[in-house]
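Subject: Structure for your files

Hello,

Here is the structure you were waiting for, with notes on what was found in it. Please look it over when you have time.

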Amino acid sequence: MVEHSIYPENQEMVITTSQVNFFYGQTQALFGISLLIPAKQVTALIGPSGCGKSTFLRCLNRMNDTIPHGRVEGEIFINAKDIYAPGTDVVELRKEVGMVFQKSNPFPKSIFDNVAYGPRIHGEKNPKRLAEIVEQSLQQAAIWDEVKDRLHANAMGLSGGQQQRLCIARALAVGPKILLMDEPASALDPKATTRIEDLIGELRTNYTIVIVTHNMQQAARVSDYTAFFYEGQLIECDQTPKIFTNPRQKQTEDYITGRFG
Amino acid sequence: MNNTADKFILLSLRLITYAIVLVVGYILFDIIRNGFSALNWQFVSSFPRRSGAAGGIFPAIVGTFYLVVGTIAVSLPLGVGGAIYLAEYAEQNRFNSLIRLAIITLAGVPSIVFGLFGLGIFVLFFGFGPSILAGSLTLACMVLPTIIVASEESLRAVPKGFRDASLALGATKWEMIRTNVLPYSLSGMITGAILGIGRAAGETAPILLTVAAFYLPRLPKSVFDQVMALPYHLYILATQHPEAERIRHMQYGTALILLLLVLGLSLGAILLRTHSRKKFRW
Ligand SMILES: Nc1ncnc2c1ncn2[C@@H]1O[C@H](COP(=O)(O)OP(=O)(O)OP(=O)(O)O)[C@@H](O)[C@H]1O
Ligand SMILES: [Mg+2]
């Protein structure tokens with residue numbers, strides 16, 4: 001169980017999960033995950049491959065709904081609303097909770113159309129307003145200066161790092177409060193990775209960020225809180241410096257000191 | 001495998017390919033050589049005279065064109081719709097794999113069977129009579145499997161990343177399909193349509209029983225009229241005509257026009273496909 005004491009007195013919580021189980025058909029991938037995600041902080045999820053980090057992340061915006069025979073148990077509250085309650089509007093949820101994927105996946109359309117995609121499907125037609133949203137989102141994702149002269153060029157022509165920042169801009173354009181990132185920099189070179197990490201540092205003033213990473217240094221650099229997953233269980237969650245200097249659990253210590261995983 | 005065996009296989013494959021090209025090339029050459037003399041403006045623009053022994057084949061060209069357009073108009077939306085269902089909505093269970101198997105099998109059913117089916121269902125049961133409507137529907141049934149299979153494959157080829165990204169941005173499933181799957185699979189669907197066009201234009205058996213007339217003095221006025229059609233015209237000229245031996249050039253001319261028509265329609269579709277390929281590349 002997570003103790004509240006690891007958070008400052010008046011820390012607001014945006015996501016509360018309690019006793020979350022997830023099943024892929026007969027196979028259980030998550031076991032009773034109870035975790036709090038603090039507002040406007042970066043929470044890193046770490047753990048060895050296959051421990052359920054992505055599965056947990058995808059529960060938070062219900063992307064797991066698309067998995068045939070996938071099943072969730074337990075409760076997940078986002079902004080005090082049970083997101084698995086019957087009648088929940090998944091579209092509204094996903095507007096609130098944006099997601100960035102491991103493999104950058106810009107649409108094979110223009111840079112502009114990529115960023116405008118979300119606002120457009122949510123009914124924004126005014127070209128002036130769309131142009132504003134696109135510029136603002138690209139600014140926020142720290143890619144505006146690199147692409148402002150070729151907004152109508154195909155996004156596939158961008159470099160890997162630029163594509164990933166474009167995907168972040170695309171997610172921001174919908175106006176989410178929460179950003180889920182699943183190893184957003186794992187396919188990038190060190191320089192592009194640094195840019196993404198800097199970007200996360202800037203975004204954390206306005207957004208609640210949950211980031212999955214394999215890279216311990218990265219978790220240490222970008223996050224305020226770190227949750228360690230192991231074999232589908234949440235082993236512990238604490239302030240990042242504490243996890244990396246003085247973890248309470250032996251398993252956590254073994255993992256971060258590189259004894260396994 | 002050793003090097004000699006490797007070389008031998010490569011050589012045989014190459015020879016087989018050349019042989020195929022040679023045979024097709026010879027057929028083309030033969031048709032062009034024999035049909036070329038029949039080609040002139042009058043041949044493509046006027047009605048036949050003396051039971052097709054003289055005059056032109058204009059109404060058959062028009063008829064085949066109508067039939068192809070009608071067939072595509074019916075089979076493309078239906079086929080694409082079916083493919084969307086199979087690729088995007090249908091659960092992967094035994095029942096649906098059975099459906100898929102049935103569709104693939106349907107593609108191999110002889111065309112005369114489709115002709116009889118069309119006669120029974122569209123001509124008689126629905127009472128359309130021998131008509132463009134009945135013929136197009138029959139041909140549509142025949143090309144439907146081809147279009148479904150090609151479309152389904154092209155839908156499945158769209159990367160999961162596009163779908164995930166779309167959904168994660170709050171698109172509904174249908175919005176996701178419409179904006180981020182269909183546009184990219186268009187070129188594959190057009191390929192299916194091209195194959196369909198070729199078959200619809202060239203088949204004789206399905207139209208024999210459902211629409212084709214050997215001679216009509218005027219062009220059709222509505223979809224409930226019969227039409228003349230190139231393959232049927234060719235069939236009669238070559239096998240049923242009393243002067244069949246003497247009018248070989250008319251037969252070859254008709255075959256050549258049929259080839260050109262299919263080529264023209266396919267070329268249009270291929271251009272469309274290249275265009276949509278260029279637009280979306282990943
Ligand atoms: N679609 C799926 N169907 C069945 N099992 C799955 C599916 N996706 C993941 N799993 C299983 O669920 C477990 C957790 O997977 P998950 O992808 O959440 O791990 P992860 O921590 O994100 O790993 P990685 O660091 O390699 O991305 C694994 O054992 C995996 O094999
Ligand atoms: Mg993962």
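In helix 11 of chain B, the residues B:Leu230, B:Pro231, B:His233, B:Leu234, B:Leu237 and B:Ala238 meet B:Arg248, B:Met250, B:Gln251, B:Thr254, B:Ala255, B:Ile257, B:Leu258 and B:Leu261 of helix 12 of chain B; contact means heavy atoms within 4.5 Å. By class, this contact of helix 11 with helix 12 of chain B has ten nonpolar, three polar and one charged residues. Here Ala, Val, Leu, Ile, Met, Phe, Trp, Tyr, Cys and Pro count as nonpolar, Asp, Glu, Lys and Arg as charged, and the others, Gly among them, as polar.

This is a predicted model, in which local features need pLDDT of at least 70 and side-chain atom pairs count only at pLDDT 80 or more, while totals for chains, interfaces and linings use all residues. Residues are numbered from 1 along each chain as its sequence is written, chains are lettered from A and ligands numbered from 1 in the order in which they are written, and side-chain values use heavy atoms, with hydrogens and water left out.

The axes of helix 11 (residues 230-240) and helix 12 (residues 248-279) of chain B come within 9 Å and cross at roughly 160°. Axes are lines fitted to C-alpha atoms, for helices over the stretch in contact, and angles run from 0 to 180 degrees between N-to-C directions. That angle makes helix 11 of chain B roughly antiparallel to helix 12 of chain B (under 35 degrees is roughly parallel, over 145 roughly antiparallel, 65 to 115 roughly perpendicular, the rest oblique). The crossing of helix 11 and helix 12 of chain B is left-handed, meaning that the near helix is turned anticlockwise from the far one by less than a right angle; clockwise is right-handed.

Chain B as a whole has twelve helices and two strands, in the order α-α-β-β-α-α-α-α-α-α-α-α-α-α from the N terminus. Helices (H or I, at least four residues) and strands (E, at least two) are DSSP runs, numbered from the N terminus. The C-alpha trace of chain B spans about 70 × 60 × 35 Å along its principal axes.

Helix 6 (residues 132-156) and helix 9 (residues 182-202) of chain B pack at about 155°, with axes 8 Å apart. This makes helix 6 of chain B roughly antiparallel to helix 9 of chain B, and their crossing is right-handed. Eleven nonpolar, seven polar and one charged residues form the contact of helix 6 with helix 9 of chain B.

Helix 7 (residues 160-168) and helix 8 (residues 173-180) of chain B pack at about 130°, with axes 9 Å apart. Helix 7 of chain B is therefore oblique to helix 8 of chain B, and the crossing of the two is right-handed.

Finally, the ligand. Among the residues around ligand 1 are A:Tyr24, A:Lys53, A:Glu183 and A:His214, each with a heavy atom within 4 Å. Oxygen atoms of ligand 1 lie 2.5 Å from a side-chain N or O atom of A:Ser49, 2.6 Å from one of A:Ser54 and 3.0 Å from a backbone N or O atom of A:Gly52.

Regards

Key. Polar contact = N/O pair within 3.5 Å; in protein donor to acceptor, adjacent residues only side chain to side chain.
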